[in-house]
Amino acid sequence: MNKHLMIAWLLVSTMGLLGCEQSEPNKPANIEKPVAAPVTKAPVKKVSTSTVRSGKVIYELHCAGCHAAGLGHAATMKLELARPEGMSVLVQRTDLTSAYIHHIVRDGLLEMPPFRPTDISDEELENLAQYMIKQGKAYNQQETSHE
Amino acid sequence: MNKPLPQGISLEQFNGAIADIIRIIGDEYVFTDDIKELRSYRDPYNTTRDEDFAPSAAVAPKTLEEIQKILAVANQYKIPVWTISTGKNFAYGGAAPRKPGYVVLDLKRMNRIIEVNEKHGYAIVEPGVSYYDLYNYIQEKGYKLWIDCAAPAWGGIVGNTSDHGAGYTPYGDHLLMQCGMQVVLADGTVVETGMVGSTNSKTGSLYKYGQGPWVDGLFTQSNFGVITRMGIWLMPEPPGYTPFMVTLPHEQDLELVTDLAQPLKLNMVIPNAATTVDLLWEASMSHTKAQYYTGKGPMPDSARKKLGADLGLGVWNFYAAVYGPPPIMKNNLDLIRDTFSKIPGAEFHYDDTRKGSPGWDYRVELMRGKPNMTEFSLLNWVGGGGHINFSPISAVDGKDSYRQFDMIRKRAHEFDFDYIGEFLVGWRDQHHIFMLMFDRMNAEEKKRAHDLFDVLIDDAANHGYGEYRTHLSFMDKIADSYSWNDGALLSMQQKIKDELDPNGILSPGKMGIWPKRMRDDT
């Protein structure tokens, strides 16, 4: 055991030499030095300043981890056991409506937690709903044409 | 349900404060509708009632200056704000505040990846950056760096690190790998810790300590400031990676595997955060309890045996990996094989035979810092999704591990729950995670889970074990269990709290730390 350990130590101790030369560490960018500012009293109108992401981006970031097809996806596994055949993968279904998707995303359902408006804005949620519905239709048309 | 309001604040005062915050950030990211907006700020998996943790509002600033101005309003009205980053702290409270009526300060929109430095292996990120975000960014840029993510990986670097979370690569102790942070104090003062505090420093993400007391830890699991930026070290992508699993057939093997792993961990032959995972945790990645047992209470031994045999799993399953050039991996793997082969019935498993099994696949990804959500499959075990984690620390010591497991298992069975758990093996300690699963739609089961958790804190304290992190419901009780010298530690934390946050606006009650004006009420 000692011999093995010694070899391990020697090899590990040389690993640091393997890296190649690259950039110097940057000075941390934008180190603001703000002073505590008084609260502004000017009214601010509701203006959307956010970048609205597509339904596909939202699906891949927030949904696919649990709902994609195949093993290792918690929600797909659950729906496979709990629902009739063909209902386990959300983007392969034709029964989902925009209103239902909105409700479940904001409220959660059993194992699924709710998603906050800072995770997914209302506009992005509608994009997501339309994306999922469209994907479901496309999948089923493809399936039908293969029959 | 009446509108939840901060304690001692009238609806008129509350509306005044919200109007002031809207003047700062506009109304797009100020949420006050209890039904349409704030349901998503609940903890869906709590063991009591949603209204125990219902916020009055959530506000989501985008910049440091907006945070300063919001804190000024909170100070003016003495309204408590509860800071969250990505808000995925499930099993410990999610995005929900400690008490009803708090305003959630949601930092999800502060999501800039400020720097990734490939040569020196670090990133500087804002609180809203999730593990997925940083992973995807590094992939897009082609940097030869790994992240270390929690499981499930939708959480974020700042939130998980500041809650002392852990991952599974050699960089699994997240706070150990943290270097430098930017913090806004309750009075709006911005502090940069470590080297960044010095003029023109280029080493803010390279050296943690600067000069004088190292204060970064004060802002973790605490309520002394709002972290707005953090440096985190990233592991260079190694030239090789070999994950492995050792299945162990007997319950008592926990003792053996822990004692044998201990010198391998301490000497870094096993460099990563290894895990010793129980049968049911492993099985839940692909199966539910009802597929093997539909009776009441914990799964009986007969069903457990069949489950283990069907899935090729041990009663315990030890996961780890070796990294580096092939000669290093071969040398270390030989030593590891020799070591664990001393356990009768131990079997080694690698990618060639296990690939495609969800339990294996997600661990292989986690031990190389690839985010995934597979671990959420645990929530399917009984169905209904409810879960809280009881998380005591144990030594990397066979007898100690077994004693702790046995203590929890006996109580869990007494309360009709399964023991589902894992030991995350660090250099010198283990995070023992008991995943207490229950149906969140079943009020009786929720209460039983709550009662079990409460008893476990007492049991652990009686055995000399303390928990490293906990759910909102149990923060006070666990803080009280760190009671040496008449609770001198908590008293000191409260003194710091009162000094840094005299109006007690920042996350009151986080980890049992209450500001002066609220201490008498608790």
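The legends below describe close-up views of a predicted model.

**View 1. Domain 1 of chain B beside domain 4 of chain B.**
Chain B is divided into four parts: domain 1 (11–106), domain 2 (113–236), domain 3 (241–473) and domain 4 (482–519). Between domain 1 and domain 4 of chain B, the C-alpha centres are 21 Å apart. The contact involves 11 residues of domain 1 of chain B and 7 residues of domain 4 of chain B. On the domain 1 side, α2 (64–77) and β3 (81–84) of chain B each contribute at least two residues. That side has 6 nonpolar, 2 polar and 3 charged residues.

**View 2. An open sheet of 4 strands in chain B.**
The strand order is β1-β2-β4-β3 (chain B), and the pairing is mixed. β1 (30–31) and β3 of chain B are the edge strands, each pairing on one side only. β1(B) and strand β2 (residues 57–59) of chain B run antiparallel and are joined by 2 bridges. Across this pair, B:Phe31 is opposite B:Ala58 of β2(B).

**View 3. An open sheet of 5 strands in chain B, with antiparallel pairing.**
In this sheet the order is β5-β6-β10-β8-β9 (chain B). β5 (113–117) and β9 (190–192) of chain B are at the edges with a single partner strand each, so one side of each has no neighbour in the sheet. With direction ignored, neighbouring strands are turned by 10° against each other on average. Strand β8 (residues 178–184) of chain B pairs with β9(B) in the antiparallel sense over 3 bridges. B:Val184 is placed opposite B:Val190 of β9(B).

**View 4. Helices α2 and α3 of chain B lying across strands.**
α2(B) lies across β8, β9 and β10 (226–233) of chain B, and runs at about 50° to β8(B). Helix α3 (residues 131–141) of chain B lies across β5 and β6 (122–125) of chain B, and its angle to β5(B) is about 50°.

**View 5. The crossing of α5(B) and α11(B).**
Helix α5 (residues 253–266) and helix α11 (residues 398–414) of chain B have axes that come within 7 Å and cross at roughly 140°. α5(B) is therefore oblique to α11(B). The crossing is right-handed. From α5(B), the residues B:Leu254, B:Glu255, B:Leu256, B:Thr258 and B:Asp259 meet B:Gly398, B:Lys399, B:Ser401, B:Tyr402 and B:Phe405 from α11(B). By class, this contact has 4 nonpolar, 3 polar and 3 charged residues.

**View 6. The crossing of α2(A) and α5(A).**
In chain A, the axes of helix α2 (residues 55–67) and helix α5 (residues 122–146) come within 7 Å and cross at roughly 90°. α2(A) is therefore roughly perpendicular to α5(A). α2(A) contributes A:Gly55, A:Lys56, A:Ile58 and A:Tyr59 to the contact, and α5(A) contributes A:Glu124, A:Asn127, A:Leu128, A:Gln130, A:Tyr131 and A:Met132. The contact has 5 nonpolar, 3 polar and 2 charged residues.

**View 7. Backbone geometry at B:Pro152 and B:Asp416.**
The peptide bond from B:Ala151 to B:Pro152 is cis, and its omega is near -10°. B:Pro152 is in the loop between β7 (145–146) and α4 (157–162) of chain B. B:Asp416 is not a glycine, yet it has a positive phi of about 70°. The loop that holds B:Asp416 is between α11 and β18 (421–425) of chain B.

Terms used: Residues numbered from 1 in each chain as written. Chains lettered and ligands numbered in written order. Predicted model: local features only at pLDDT ≥ 70, side-chain atom pairs only at ≥ 80, totals over all residues. Domains from an automatic or database assignment. Contact = placed C-beta atoms within 7 Å. Nonpolar A, V, L, I, M, F, W, Y, C, P; charged D, E, K, R; others polar. Pairing = 2+ DSSP bridges. Axes fitted to C-alpha atoms, helices over the stretch in contact; angles between N-to-C directions. Parallel < 35°, antiparallel > 145°, perpendicular 65-115°, else oblique. Left-handed = near helix turned anticlockwise from the far one by under 90°.
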